Amino acid sequence: EVVGDILLVVQPVLDRMDPAGGGAIELYERAGKAGYMMIGLGTALPCVILPMLVQGKADRDLPWKERHWVKVTVWIAIYSFVGNYFWTHYFYKVLKAEYTFPSWMLNDVPIPLYFMTHAYFCFYHTISNICLRVVKAKCMNWKSIWMKRLVFAITVLGLSYSVALTEALTIAHFPYYRYEDPYLFYLVGSLYYGIYFIVSFPVFFRMDESPREKWTLGRAAMDSLAAAMLVTILLDLW
C-alpha cells in the first residue's frame, strides 16, 4: 500500500517529465559529460561517506587505517580501477563492445564508469561475503576438508557467473553500450566477466575474516593488486 501511495504521488511528476507518455524517465538521454560524471560520483561517494557516518561496532574504536571499511574501500578502488583501465579493452576486442555516451575518457574508457564500478563492486563483494560466510558456517562441522572446499568453490563459481550474467542482462537495456553478437555477449561475455569474480570473491573474503590474522592497509592494497594480476593473466590466456 505504501508503494502504491508513493506511485500515486510520483507518477504525475513522471508523466510531466515524459510528455511522450509511458511515464518512463530516461535521464541518460539528457545527460552530457558533466551529467554522466555526476551520476558516477553519485553512485561511488556513498560507499565512502556512509561508512564514515555510520561506523560498525568493530571499527568504532580503531585507528582509521585499521578500520575494515577503509581497507575495503582501498581494495575495491584498486581492483575496479585496474578492471576499467586495462580489462575493458578485452571486451572491446573480444565482444566488439563500445560505449557511445558523451564522456571524458581515461585510456579510452568513460571516466564515470570508474566511479560506478566502485559502487557495483562494493555491492557484489558484500553479497559474496555474506553468501560465503553462510556456506562456511553450514560446512563447519563436516569431516571432509575436500568436500568443504568443493562446496566453497561451487558457491564461488555460481555467484561469479550469476553476478556477471545479471549485469549483462541489465546493461543490455542501456542504448549507449553496443555489441555485435548478443549470443557472444551473454554467454561468452558473462563467462569472461565472471573471471573477475572467480578470483576476487574468495580473495576479498579473506580480509579480516580471521581475528588471528592481521590485515594492514598496505596488505589490503597488495592483495588487491595480486588478485588483479591473476585476473589479467587469465584474461590474456583466454
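I looked up Tyr-179 and noted that, at 21% relative accessibility, this residue counts as partly exposed. Tyr-177 counts as buried, because its relative accessibility is 7%.

I record the conventions here: this is a predicted model, in which local features need pLDDT of at least 70 and side-chain atom pairs count only at pLDDT 80 or more, while totals for chains, interfaces and linings use all residues. Residues are numbered from 1 along each chain as its sequence is written, and side-chain values use heavy atoms, with hydrogens and water left out.

**Aromatic pairs**

I found 28 aromatic pairs in the structure. Rings of Phe, Tyr and Trp (its six-membered ring) pair if their centres lie within 6.5 Å; planes under 30 degrees apart count as stacked, over 60 as edge-to-face and the rest as tilted. Phe-121 and Tyr-124 form a tilted pair, because their ring centres are 6.2 Å apart and their planes are at 45°. Both residues lie in helix H5, 3 residues apart, about one turn of the helix, and both are buried. Tyr-177 and Tyr-179 are also tilted, because their ring centres are 6.3 Å apart with planes at 55°.

**Chain as a whole**

I counted 8 helices and 4 strands in the chain; these are DSSP runs numbered from the N terminus, helices being H or I of at least four residues and strands E of at least two. From the N terminus on, the order of elements is α-α-α-α-β-β-β-α-α-β-α-α. Of the 238 residues in the chain, 37% are buried. I took a contact to mean heavy atoms within 4.5 Å. Among contacts with a separation of 6 or more, 72% join residues 24 or more positions apart. The accessible surface (Shrake-Rupley method, 1.4 Å probe; for residues, only the protein chains shown count as cover) comes to about 14,300 Å², with 69% belonging to carbon and sulfur atoms.

**Nonpolar core**

I defined a nonpolar core as a set of buried Ala, Val, Leu, Ile, Met, Phe, Trp, Tyr and Cys residues joined through side-chain atoms within 4.5 Å. The largest has 47 residues, and Trp-75, Tyr-79, Trp-87 and Tyr-196 have the most contacts inside it. Helices H4 (68-94), H5 (111-138), H6, H7 (182-205) and H8 (217-237) each supply at least two of its residues. H7 gives the most to this core, with 11 residues. Leaving aside neighbours within four places in sequence, I listed the contacts of Trp-87 as Tyr-79, Val-82, Tyr-196, Ala-228, Val-231, Thr-232 and Leu-235.

**Single residues**

Thr-155 is found in helix H6 (residues 145-171). I class Thr-155 as buried because its relative accessible area is 17%. Beyond its neighbours within four places in sequence, Thr-155 is in contact with Leu-132 and Val-135. Leu-187 lies in helix H7 and is partly exposed, at 33% relative accessibility. I noted 9.9 Å between the C-alpha atoms of Leu-187 and Tyr-161, which are 26 residues apart along the chain.

**Surface patch**

I found a nonpolar surface patch of about 620 Å² made by Leu-45, Ile-49, Leu-50, Met-52, Leu-53 and Val-54. Val-54 sits in the loop between helix H2 (33-53) and helix H3 (57-60), and is exposed, with a relative accessible area of 65%. Patch residues have over 30% relative accessible area and no salt bridge; like charges are joined within 9 Å, and nonpolar side chains (Val, Leu, Ile, Met, Phe, Trp, Tyr) within 5 Å. A salt bridge is a side-chain nitrogen of Lys or Arg within 4 Å of a carboxyl oxygen of Asp or Glu.

Terms used. Buried < 20%, exposed > 50% of the residue type's maximum accessible area, 1.4 Å probe, protein only.
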